[in-house]
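Here are my notes on the structure you sent. Please read them with the model open beside you.

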Amino acid sequence: MIEVLVIMSAGIIVGYLMRHRRRAIRIFDSLLVWSIFLLLFLLGFTIGRDPLIMSALPSLGMIALVISVAAMTGSILLAFILWKFFYNKK
Amino acid sequence: MAFSLGVLLGYSGWLPLATYDGNPGKYALYILMFLVGISIGADHRSLLLIREQGIRLFLLPMATIAGTFAGILAVIHFVDGLGVREGLAVGAGFGYYSLSSILITQMHSEALGVIALLSNIIREIITLIMAPAMAICFGKLAPVSAAGATSMDTSLPIITTASGKEFSVIALFHGILLTMLVPILVTLALTLF
């Protein structure tokens, strides 16, 4: 999957070189948004058709909830430490 | 929205796409990553903000990344059927649910893509609801950190309400940087571990 990062880096360089051509950039940005929509639709379509994943949705949702809560608790605690020691001294 | 529409159509079997295997293939992913790259490269707001505010703008994004991964590492062993790399990949969405779920679907599996979609939507929703409480209990940086990549757009209004206008620059930079890092960290999580 490293090739994905190489392709993205190529995109970053192209984007940086084209950063002043706002019109072209806007077209690329809307292409990006629409391709994400399309791929999300396809993901939904595949899943709606797949009885195995459909029946597993509640448990997938529980896993998702556990991960979100853990991730947010971790970030909030570190943000709290940062707040205490770096920002709130003034 | 696009996702739920797809679920409905797929479930109902209305669309005559019975033979479609649901995999747009790796070339779709390549094109997507190239477009993501262009949009990152062309965005010079972050460079401007660094020039204005200096290097300490990076502290909070670092805290968010480290905190997210540490939190997930702490619970992942209790989650059935998910390994460290899957957990970290889902967390590396930082609330940017559309892109992260697509990348994870393409690079891993549909089931993990759905987990990423739900988990990152939940992160955004919890932030929108709890931001004021977070600011009161854990300081004014907490809502920004909780928002993850969404602190630059969808969560920005609630952050400025909960923490104050003076935190909008921090929130903006935090969101822009994490949005850039989502595709990189998702890929690394699924590749390295």
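Predicted model: local features only at pLDDT ≥ 70, side-chain atom pairs only at ≥ 80, totals over all residues.

1. Make-up of chain A. Chain A has three helices and zero strands. Along the sequence the pattern is α-α-α. With a radius of gyration of 21 Å, well over the 12 Å that the globule rule gives for 90 residues, chain A is more spread out than a compact globule.

2. Extent and domains of chain A. Taken along the principal axes, the C-alpha atoms of chain A fill a box of roughly 50 × 45 × 25 Å. Chain A is divided into domain 1, residues 1–49, and domain 2, residues 51–90. The centres of domain 1 and domain 2 of chain A, taken over C-alpha atoms, are separated by 27 Å.

3. Contact between the chains. How many residues does each chain bring to the contact? Chain A brings 63 residues and chain B brings 75 residues. On the side of chain B that touches chain A, the helices that each supply at least two residues include α1 (2–12), α2 (26–41), α6 (97–107) and α7 (110–138). Of the elements of chain B, α2(B) gives the most to this side, with 14 residues. By residue kind, the side of chain B that touches chain A divides into 49 nonpolar, 23 polar and three charged.

4. Helices α4 and α5 of chain B. Helix α4(B) covers residues 59–75 and helix α5(B) covers residues 84–91; their axes come within 9 Å and cross at roughly 145°. The crossing of α4(B) and α5(B) is right-handed. From α4(B), the residues Thr68(B), Phe69(B), Ile72(B) and Leu73(B) meet Val84(B), Gly87(B), Leu88(B) and Gly91(B) of α5(B). The residues of this contact divide into five nonpolar, three polar and no charged.

5. Helices α3 and α10 of chain B. Helix α3(B), residues 45–53, packs with α10(B) at an angle of about 135°, and their axes are 10 Å apart. That angle makes α3(B) oblique to α10(B). The crossing of α3(B) past α10(B) is left-handed. Arg45(B), Ser46(B), Leu49(B) and Gln53(B) in α3(B) meet Val169(B), Leu172(B), Phe173(B), Ile176(B) and Leu177(B) in α10(B). Here the contact residues divide into six nonpolar, two polar and one charged.

Conventions:
Residues numbered from 1 in each chain as written. Chains lettered and ligands numbered in written order. Axes fitted to C-alpha atoms, helices over the stretch in contact; angles between N-to-C directions. Helix = DSSP H or I, 4+ residues; strand = E, 2+ residues; numbered from the N terminus. Left-handed = near helix turned anticlockwise from the far one by under 90°. Contact = placed C-beta atoms within 7 Å. Nonpolar A, V, L, I, M, F, W, Y, C, P; charged D, E, K, R; others polar. Parallel < 35°, antiparallel > 145°, perpendicular 65-115°, else oblique. Domains from an automatic or database assignment. Rg over C-alpha atoms; globule rule 2.2 N^0.38 Å.
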